[in-house]
Amino acid sequence: MSDIIVIGGGIAGISAAARLSAHAEVSVLEAETALGYHASGRSAALFEQNYGLPSVITLNKASAAFHQPYLSPRGFLLVGREGEDDGFEADAKNLKCPEISLDEARRHVPILNASVTRAAYHPDAMDIDTHRMIQDFAKTVRANGGRVMTGKQVSTIEKTDAWTVRCGQEEFSAHTLVNAAGAWADQIAQMAGVNPIGLQPMRRSMARLPAPGGYEISTWPIFFGVNEAWYAKPDAGKLLVSPAEEDPVAPMDAWADDMVIAEGLDRYSAHVTQEVTRVETTWAGLRSFAPDRTLVLGRDATDPDFVWCAGQGGYGFQTAPAASQLLADLVMGHSPEIDAKTITSLSPSRF
């Protein structure tokens, strides 16, 4: 029997488990055969402190110091076309991204075409080594005497004096249950007899293209269209282009929709000189949001032995260091460093 069971081995679950393992015996149950298989394994892997709602930005900033060993320079470029001025200015303001000349924008991304009329840039967006972060959190759990188990698909959850979680023929017990099941978090809650919060998984797709025009693109920034209508990011000598869609779907092992990819590539292509002639591969992931698009962290209002760690949306890696520390503080009864207003905005009791 453990003190705490964490269901879910994505970045949310494994970071929470690592923080909790310093104070309690923790077992992590991940349904897939590897950690970070779903949303975490399909992340854009970008740390942008100004991206998200106010509570997310607070967690981003509180996570910055922890992230440093996992970061490498990338930069962020916003581009707009004629007629997009209002959206461009709103995005630039929200992301604290100063406007730059078009000549400077093309020094960052030489393939921008003549239809691009405005650009804004800041250098502070960073790539995250997401795989290393997940594995380091898992190492912490194990070093503290916890267990990280994959291939453990939860079949039933019961509560008597403690929680009993069954995975096929195996049983695991603990006094506290942390629900970090990503797109499946509402389903896990219902299995445990806890009211769901209305999480909605949203599909987001990605296409990998050859480096456009034979350019050396490793130093290019990530670049976005206005209102996040698309984005493109260098990755291992290739260019990743996302339609940046948010299509509601059921919890699943997501795949890309060809029409959505085609529409996103068309939006991207309208901004660049290089035609898209080949797509090497496509994939999709799920970004799961609570109704107010804010993370859900803390003990359930009706059953305090059930702890929510859900609704990360597209901010899981950015917020994980601070979100996991806050969760551990709340579970262990320690005084959080995060301000009370933010804690209230993240609490499950708001539903």
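**Group meeting: a pocket, a cavity and a few residues**

Okay, let's start with the second largest pocket: 17 residues line it, and those nearest its centre are Tyr51, Gly52, Asp91, Glu228 and Tyr315. Strand S5 (76-81), helix H3 (85-94) and strand S14 (222-225) are the elements that give two or more residues to that lining. This is a predicted model, so local features need pLDDT of at least 70 and side-chain atom pairs count only at pLDDT 80 or more, while totals for chains, interfaces and linings use all residues. Numbering runs from 1 along each chain as its sequence is written, and side-chain values use heavy atoms, with hydrogens and water left out.

Some terms before I go on. On a 1 Å grid over the protein atoms alone, a pocket is an open set of points with protein on both sides within 12 Å along at least five of seven lines, a cavity is a set where a 1.4 Å probe fits but cannot get out, and lining residues have an atom within 4 Å of a point. Points are joined across faces, edges and corners, and a volume is the space filled by probe spheres set on them. Helices (H or I, at least four residues) and strands (E, at least two) are DSSP runs, numbered from the N terminus.

Back to the pocket. Its volume is about 360 Å³. The lining divides into 7 nonpolar, 5 polar and 5 charged residues; here Ala, Val, Leu, Ile, Met, Phe, Trp, Tyr, Cys and Pro count as nonpolar, Asp, Glu, Lys and Arg as charged, and the others, Gly among them, as polar.

Now H3 itself. Which residues of H3 are buried? They are Gly87, Phe88, Asp91 and Ala92, where buried means under 20% relative accessible area, exposed means over 50%, and partly exposed is in between (1.4 Å probe, protein chains only). Seen down the axis of H3, these buried residues fall within an arc of 130°, so they line one face of the helix; the arc is that of the directions from the helix axis to the C-beta atoms. On the other side of H3 you'll find Asp86, Lys93 and Asn94 exposed. What do the buried residues of H3 pack against? That would be S5, strand S6 (99-100), strand S7 (116-122) and S14. And after H3 comes lysine 96, with a positive phi near 50°.

While we're on phi: most residues other than glycine have a negative one. Alanine 45 has a positive phi of about 55° although it is not a glycine. You'll find alanine 45 in the loop between S2 and S3, and at 13% relative accessibility it counts as buried. Alanine 236 also has a positive phi, about 50°, and is found in the loop between strand S15 (231-235) and strand S16 (238-242). Buried or exposed, then, for alanine 236? Exposed, with a relative accessible area of 76%.

Next, the cavity. The count comes to 1 cavity of 30 Å³ or more, and the largest cavity has a volume of about 50 Å³. Among the residues lining it are Ala12, Ser15, Ala16, Gln312 and Ser324. H1 and helix H8 (316-332) each supply at least two lining residues, with H8 giving the most, 5 residues. The lining of the largest cavity divides into 5 nonpolar, 5 polar and no charged.

One of those residues, serine 324, sits in helix H8 and is buried, with a relative accessible area of 2%. Leaving out residues up to four places away in sequence, serine 324 touches Ser15, Ala16 and Arg19, where contact means heavy atoms within 4.5 Å. The side chains of serine 324 and arginine 19 are joined by a polar contact of 3.1 Å. A polar contact is a pair of N or O atoms within 3.5 Å; within protein, one must be able to donate a hydrogen and the other to accept it, and residues adjacent in sequence count only if both atoms are side-chain atoms.

At 5% relative accessibility, serine 21 counts as buried. A polar atom of the serine 21 side chain lies 2.7 Å from the backbone oxygen of alanine 18.

Last stop, phenylalanine 172 in strand S12 (residues 170-179). Phenylalanine 172 is buried, with a relative accessible area of 7%.
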